[in-house]
Amino acid sequence: MDNDRSSTVNIGEEEYELILTTRATKEIAGRYGGLENLGDKLMKSENFEEALGEIVWLITLLANQSVLIHNLKNKDNKKELLTEEMVELLTSPHELTKYKDSITEALFKGTKRNIESEPDTKNTVVE
């Protein structure tokens, strides 16, 4: 996949790439009202169970983006999508806290903007 827009996690014994796609952004917006509200929701969850549920949902969503991209490009060699239940059974709460950095990295890379400045010629002295 594209390392410029993904980070990796191990779930069970398999490596998954977490990718923020347009599709994932739409789902996050539908659930939280936008990416800017995601951090607030995760930090202000009512209880530990709710916080874990939100992290599991987000990991499942971002990891499945790489599976969906693979399946789109490899119609004869499709991979199974992760479910929240699979993520819950194949991870520990300690691993989920470590995945927070990978989630942050994937979100940062997915929203990164490459800005290039054009030379400002209006104040250039022409000789």
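Residues are numbered from 1 along each chain as its sequence is written, and side-chain values use heavy atoms, with hydrogens and water left out.

The mean pLDDT (the predictor's confidence in each residue, from 0 to 100) is 83 for the protein, with 80% of its residues at 70 or more. Helices are DSSP runs of H or I with at least four residues, numbered from the N terminus. Where pLDDT is low, the predicted coordinates should not be read in detail.

In helix α1, the buried residues (under 20% relative accessible area, with a 1.4 Å probe and protein chains only) are Ala-24, Ile-28 and Tyr-32. Seen down the helix axis, these residues fall within an arc of 50°, taken from the directions from the axis to the C-beta atoms, and they therefore line one face of α1. The face turned away from this buried side carries Thr-22, Arg-23, Lys-26 and Gly-30, which are exposed (over 50%). After α1 comes Gly-33, with a positive phi near 90°.

The structure holds one aromatic pair, a term for rings of Phe, Tyr and Trp (its six-membered ring) with centres within 6.5 Å, where planes under 30 degrees apart count as stacked, over 60 as edge-to-face and the rest as tilted. The ring centres of Tyr-32 and Trp-57 are 5.8 Å apart and their planes stand at 75°, so the pair is edge-to-face. The pair links distant parts of the chain, with Tyr-32 in α1 (residues 22-32) and Trp-57 in α3 (residues 48-73), 25 residues apart.

Beyond its neighbours within four places in sequence, Leu-62 is in contact (heavy atoms within 4.5 Å) with residues including Glu-17, Ile-19, Ala-24 and Ile-103. Leu-62 and Ile-19 are 43 residues apart in sequence, yet their C-alpha atoms are 5.2 Å apart. Ser-66, likewise in α3, is buried at 9% relative accessibility, and a polar atom of its side chain lies 3.0 Å from the backbone oxygen of Glu-17.

Methods: Helix = DSSP H or I, 4+ residues; strand = E, 2+ residues; numbered from the N terminus. Polar contact = N/O pair within 3.5 Å; in protein donor to acceptor, adjacent residues only side chain to side chain.
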